[in-house]
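User: I have a new model open and want to learn how to read it. Can you take me through it feature by feature?

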Amino acid sequence: MNPIACRAVAQAGLVAATASADDERPWSLLLVAGWHTTAADLVLADTRLADELAALPV
């Protein structure tokens with residue numbers, strides 16, 4: 001798995017553990033959503049790249 005994606009998930013978990021939906025500032029929850037989106041995008045990009053490389057003739 002992409003190390004940047006792993007870090008994004010870790011950051012999201014850290015912020016999610018301390019964030020609250022009742023908090024007046026939604027910034028923390030937006031960061032969680034952003035980091036999860038980043039991680040998902042990176043994993044999908046890695047999967048597509050792996051598929052493309054596997055289709056190349058050796």
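Analyst: Gladly. Keep in mind that this is a predicted model. Start with burial: of the chain's 58 residues, 12% count as buried.

User: How much accessible surface does the chain have, and what share belongs to carbon and sulfur atoms?

Analyst: The accessible surface is about 4,600 Å². Carbon and sulfur atoms account for 65% of that area.

User: Next, secondary structure. How many helices and strands are there?

Analyst: The chain has 2 helices and 0 strands. Helix α1 covers residues 3–18. Helix α2 covers 27–55.

User: How are two packed helices described?

Analyst: The general idea takes two values: the angle between the axes and the distance between the axes. Now the case here. α1 and α2 pack at about 160°, and their axes lie 8 Å apart.

User: Why are α1 and α2 called roughly antiparallel?

Analyst: Angles over 145 degrees count as roughly antiparallel. The angle between α1 and α2 is about 160°. The two helices are therefore roughly antiparallel to each other.

User: What is the handedness of the crossing between α1 and α2?

Analyst: Left-handed: that is how α1 passes α2.

User: How far apart are G13 and V32, in sequence and in space?

Analyst: They are 19 residues apart in sequence. In space, the C-alpha to C-alpha distance is 7.4 Å.

User: And G34: which helix holds it, and what is its relative accessible area?

Analyst: G34 is in helix α2. Its relative accessible area is 31%, so G34 is partly exposed. Compare its position with A12: G34 and A12 are 22 residues apart in sequence, and 8.2 Å apart from C-alpha to C-alpha.

User: Last, surface patches. Which residues make the nonpolar patch of about 300 Å²?

Analyst: L49, L53 and L56 make that nonpolar surface patch. Of these, L56 lies in the segment after α2.

How values were computed. Residues numbered from 1 in each chain as written. Predicted model: local features only at pLDDT ≥ 70, side-chain atom pairs only at ≥ 80, totals over all residues. Heavy atoms only, no water. Patch = residues over 30% accessible without salt bridge, like charges linked within 9 Å, V, L, I, M, F, W, Y side chains within 5 Å. Areas by Shrake-Rupley, 256 points an atom, 1.4 Å probe, with all protein chains shown as cover. Salt bridge = Lys/Arg side-chain N within 4 Å of Asp/Glu carboxyl O. Helix = DSSP H or I, 4+ residues; strand = E, 2+ residues; numbered from the N terminus. Buried < 20%, exposed > 50% of the residue type's maximum accessible area, 1.4 Å probe, protein only. Axes fitted to C-alpha atoms, helices over the stretch in contact; angles between N-to-C directions. Parallel < 35°, antiparallel > 145°, perpendicular 65-115°, else oblique. Left-handed = near helix turned anticlockwise from the far one by under 90°.
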